[in-house]
Amino acid sequence: MGRLKNAFSLIPSLRLPGSKSAYEELPSHDMSHASSPLDESPIMSDSWRKGISTPRRRLGFLFRASPRRLVIVTLTVFFSLVLIAMGSFRARKYYAEKDKADGRIPYHWENYPRLDGFYNGLRSLVNYTDWVPEQQAASKTQIKIHKAPPFDPVLVNPYSDFTSDEYLEDHQPVQRCYLDDNEKYPAPDIFAYPGIPAGMTAPYWGSYENLGIAPDRCWERFGRFGPYGYSYNPSEGGLGLSNNSARAGAEKVEEMFTKIDYRNVNWGKAQQKCFEKNEKRFNPETTWDNGTTGQKAVKRSAYVLRTFTGYQYTDIQLLSLRAMINELSLKSGGEYDVHLLVQVKDDTIPIFASKEVYTQTLRDNVPEEFWGIATLWSEQQMRSYYPGPFRAEDNVENHSKSDIHGVYRSAHFALQWFSQQHQEYDFIWNWEMDIRYTGHYYEFHNGVAKWAAEQPRKLLWERSSRFWIPGAHGPWTKFSELVERETAERKETPVWGPVDFPTSGARIPSPKENTPPTSIEDDNYEWGVGEDADLIVFDPLFDPAKTNWVFRNDVSGYNTSLETPPRRVAIITVARLSRELLNTMHQETFRMQRTMFPEMWPPSVALHHGYKAVYAPHPVSFDRKWPLDVMDKTFNYPPAPHDSPFGWGEHNMQGGSFYYNAGFSGALWRRWLGAKENGEGGRKAEQSRSDRMCLRGMLFHPIKHESIE
């Protein structure tokens, strides 16, 4: 990929009307930063930003007619226009010369029409049944814009009816959880709007309905983050981020929630108390004479966010963390615990030799409200925990030339260690600090988990290796039939249970329950239905041997004189992992000194040991109107390894909402927050059109910086 670093230095968007332009450059393993002197926005005066008009008496003075004054004004306007035109010409010339100097040929997708339906706002809401996606709408379709949002916001409650007879027949009662010791402030609700904006752009990949996410409501920033302090002042315990926001209908949202002083919230204590009140849900004590329990035990998850010392917690980050803890943990009656796994980057700090040093390091690097959910670790600690030996001759290729105990090559070491300390959790969600979600966290995660459990194991790896594009493939059943047909036509051997491969020495035994009960031919898509997935990822599980992904050979601990073991990869390390899978990963590393690059290790261990692994097809949007046949061929049928979207073809992801280099992701997220982006959006633009953006639940990655107006 080194040859492409110059070509990748520009990512399309719209700097100037009709020009090729760029989103912010995002980190790439093989890219160097190429900055532009024109990338810095000019600092506007306060009067310009606030829209303060020139006093009327000055305008009167200016236009009191006299020939001399008229000549001066005319010349001033003329030369101003000339300067603006010259500036525009110079900017265009700069980018044209830069592209020419870099030898950059525009990517094919840069020529597709831009999609703008994302930016339609609250005053254009329509019923979901009346919605026509932007991609299907007739050209020059006019949308109706109302004076105010045509619908009122509604409380969103995606949880089971914990008080119903049906629920209580199988489960222990759920005790209400609070943010404070005195139980004055219950865990708050959040609010969305029924319907979606007219002409809203439809996602190209995945589905809301299949994952159990409501497709007929949308989220704007007051209802989504207002209950967490977005829209009220710091003197009241909020963050005061809405002072310059468009506000159509905001007062109705604000009347629906109680302001909470978040300066006094201790999330660790609130989480712990919530679990203690609901502990019987997870360990029901009722037992019948035949030894079976009369009520179902609810499984618990740890939701682990990986961060580090020196990390800057922005106000938007605070809102997101509060939302995660409230929606996943407190509102669910303790089904999740949210943790911050904090890397201490300075290995010389003796965090495990001194309790005082540990506490001070934590408090210096984590906001006070989250002290109680943070756990420190260091690379030096991992060297002691996984001593190896990890011999260089047992590594196929260390492309990054990094230390095997470093977080870049082995971020999973800390997660494996954390899991060994917390065997009480059935699952661990490995999450990243630069992911955002516009919808309800519990609705998304619970929906993904339920959908994954319903998937049969037959051809699951094969289905999970591809992008499901409903517009091209039809519903999930048709897509599944397509995968079955193509697997047979290609005479490929499907994955069925633990995968055998040549190796030498001892092997970690695979769990007996991962052995298929029948041959694959005799299975009628039955094995695995109702079984929780051991691994859930959010991008396809691809075979790196069929791509030129640069880290495909970072494989350690296997006999290098034999063929490299089969592997699978899911780009972006966010995933849900079962306790059993994590235990096997730990044993492989500790006992066998085996590991791989982070995106490759959990999927490959799952492949080797027959664990149930699945790619959850969450909705992913693009900023351009791709032809569906071209999209399918580009992402699912690359003609050569270097064309793979997981190799040199990764530029195709830049206009998407979820990938490691998705430039559109951050741009769209900041627009949703009300910020200006590439000269577009902001309060005045929202007010003059259809007001605040209202998006359905969308997973954004990466978010490298955030802003509001």
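1. A residue is called buried when its relative accessible area is under 20%, exposed when over 50%, and partly exposed in between. By that rule Asp-189, at 26% relative accessibility, counts as partly exposed. The structure discussed in this note is a predicted model.

2. Asp-189 takes part in a salt bridge with Lys-331, and the closest N and O atoms of the pair are 2.7 Å apart. Lys-331 lies in the loop between α9 (315-330) and β9 (336-343), and Asp-189 lies in the loop between α4 and β5 (190-194), so the bridge ties together parts that are 142 residues apart in sequence. Lys-331 is also partly exposed, with a relative accessible area of 23%. In total, the structure holds 40 salt bridges.

3. Asp-261 pairs with Arg-263, with the closest N and O atoms 2.8 Å apart. Asp-261 is partly exposed at 23% relative accessibility, whereas Arg-263 is exposed, with a relative accessible area of 53%. Glu-492 is bridged to Arg-490, and here the closest N and O atoms are 3.7 Å apart. Glu-492 counts as partly exposed at 32% relative accessibility, and Arg-490 is likewise partly exposed at 40%.

4. Which residues form a negative surface patch? The patch consists of Asp-161, Asp-165, Glu-166 and Glu-169. Glu-166 belongs to helix α4 (residues 165-170). With 66% relative accessibility, Glu-166 counts as exposed, because the threshold for that class is over 50%.

5. Among the buried residues are Trp-601, Pro-602, Pro-603, Val-605 and Leu-607, together with His-608 and His-609. Just after α18, Gly-610 adopts a positive phi of about 75°.

6. The side chain of Gln-135 reaches the backbone oxygen of Ala-202 at 2.8 Å. Gln-135 is located in the loop between β3 (125-126) and β4 (154-156). At 16% relative accessibility Gln-135 counts as buried, since the limit for that class is under 20%.

7. Some backbone geometry deserves attention when the model is inspected. Most residues other than glycine have a negative phi, and most peptide bonds are trans. Asn-678 has a positive phi, near 55°, and is found in the loop between β18 (676-677) and β19 (680-681). Asn-678 is partly exposed, with a relative accessible area of 30%. Asp-691 also has a positive phi, near 75°, and its place is in the loop between α21 (683-688) and β20. Asp-691 is buried or exposed? At 6% relative accessibility, Asp-691 counts as buried.

8. The bond from Gly-388 to Pro-389 is cis, with omega near 10°, and Pro-389 lies in the loop between α11 (379-385) and α12 (407-421). The bond joining His-701 and Pro-702 is cis as well, with omega about 0°. Pro-702 lies in the segment after β20 (699-700).

Methods. Residues are numbered from 1 along each chain as its sequence is written. This is a predicted model: local features need pLDDT of at least 70, side-chain atom pairs count only at pLDDT 80 or more; totals for chains, interfaces and linings use all residues. Side-chain values use heavy atoms; hydrogens and water are left out. Patches are made of residues with over 30% relative accessible area and no salt bridge: like charges are joined within 9 Å, nonpolar side chains (Val, Leu, Ile, Met, Phe, Trp, Tyr) within 5 Å. Accessible areas come from the Shrake-Rupley method with a 1.4 Å probe; for residues, only the protein chains shown count as cover. A salt bridge is a side-chain nitrogen of Lys or Arg within 4 Å of a carboxyl oxygen of Asp or Glu. Lys and Arg count as positive and Asp and Glu as negative; His and the chain ends are not counted. The place of a charge is taken as NZ of Lys, CZ of Arg, CG of Asp or CD of Glu. Helices (H or I, at least four residues) and strands (E, at least two) are DSSP runs, numbered from the N terminus. Buried means under 20% relative accessible area, exposed over 50%, partly exposed in between (1.4 Å probe, protein chains only). A polar contact is a pair of N or O atoms within 3.5 Å; within protein, one must be able to donate a hydrogen and the other to accept it, and residues adjacent in sequence count only if both atoms are side-chain atoms.
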